[in-house]
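Hi everyone, thanks for coming. Have a look at the chain on the screen while I talk you through how it's put together.

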Amino acid sequence: ALIVTPTHQSEELFEDYQPDWVTAQFQSTRNAVTTNPFSEWLWGGMQYQLEHHLFPSMPRSKYPMLKQRLQKFAEENNIPGGYRETGEFDILKMNWDLYKRVAESDAVEGAPPTKGRPGQVGAIASTDTPGAALRSA
């Protein structure tokens with residue numbers, strides 16, 4: 001989760017339908033810029049989130065070759081925000097800050113209760129996952 005969520009949660013969430021699928025991918029993903037071969041391996045291709053969303057069946061070893069083409073495409077087509085990427089540690093910090101902001105936010109009125117902090121309200125009231133059954137046993 002530490003590797004997957006930063007590239008999915010650091011950008012815009014849409015309230016309404018987005019008719020332009022390609023632009024929506026540019027606006028809702030952010031790539032992580034890795035700093036060394038170990039980080040490149042550790043991220044496992046997730047650092048190329050935009051490339052993955054646009055070309056999901058392409059082998060991840062080919063993603064780095066798309067960067068310049070996608071940057072040019074974004075510029076030529078005036079994609080809002082362009083090709084978004086952030087250093088690997090900065091994107092992890094952005095993700096942590098998002099989790100913190102969500103965890104500390106006020107309850108949503110009318111949402112069902114959760115097993116969170118006393119008085120905290122969220123969107124998940126119960127679950128029937130196998131893991132939940134183990135916890136209650």
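Let's start with what counts as a helix or a strand: they are DSSP runs, H or I over at least four residues for helices and E over at least two for strands, numbered from the N terminus. With that rule, the protein chain has 7 helices and 2 strands. Reading from the N terminus, the order is α-α-β-α-α-α-β-α-α.

Two quick notes on where this comes from. This is a predicted model, so local features need pLDDT of at least 70 and side-chain atom pairs count only at pLDDT 80 or more, while totals for chains, interfaces and linings use all residues. Residues are numbered from 1 along each chain as its sequence is written, and side-chain values use heavy atoms, with hydrogens and water left out.

Now, what's inside and what's outside? I'll say buried for under 20% relative accessible area, exposed for over 50%, and partly exposed for in between (1.4 Å probe, protein chains only). Buried residues make up 31% of the 137 residues in the protein chain. Helix α2, residues 21–28, is mostly covered, with 6 of its 8 residues buried. Among them are T23, A24 and F26.

Next, the core. A nonpolar core is a set of buried Ala, Val, Leu, Ile, Met, Phe, Trp, Tyr and Cys residues joined through side-chain atoms within 4.5 Å. The largest one here has 10 residues, including F26, Y48, L50, Y63 and L70. Which elements give two or more residues to this core? Those are α4 (49–54) and α5 (67–76). Apart from it lies another core, of 5 residues, and W43 and I91 are among them.

Some of those names come back when we look at rings. Aromatic rings of Phe, Tyr and Trp (its six-membered ring) pair if their centres lie within 6.5 Å; planes under 30 degrees apart count as stacked, over 60 as edge-to-face, and the rest as tilted. The structure holds 3 such aromatic pairs. Take F26 and F73: their ring centres are 5.9 Å apart and the planes sit at 20°, so that pair is stacked. F26 is in helix α2 and F73 in helix α5, 47 residues apart, so this pair links distant parts of the chain. F26 counts as buried at 1% relative accessibility, whereas F73 is partly exposed at 32%.

Then there's Y48 with Y63, a tilted pair with 6.4 Å centre to centre and 55° between the planes. Y48 sits in the loop between α3 (37–43) and α4, and Y63 in the loop between α4 and α5. Y48 is buried, with a relative accessible area of 14%, and Y63 is buried too, at 3%. By contact I mean heavy atoms within 4.5 Å. Leaving out residues up to four places away in sequence, Y63 touches Y48, H52 and M58, among others.

Over to N31, in strand β1 (residues 31–33). Is N31 buried or exposed? At 1% relative accessibility, N31 counts as buried. Its side chain makes a polar contact of 2.8 Å with the side chain of E51. For the record, a polar contact is a pair of N or O atoms within 3.5 Å; within protein, one must be able to donate a hydrogen and the other to accept it, and residues adjacent in sequence count only if both atoms are side-chain atoms.

Last one: N78, in the loop between α5 and β2 (85–87). Most residues other than glycine have a negative phi. Phi of N78, though, is near 50°, a positive value. N78 also counts as exposed, at 65% relative accessibility.
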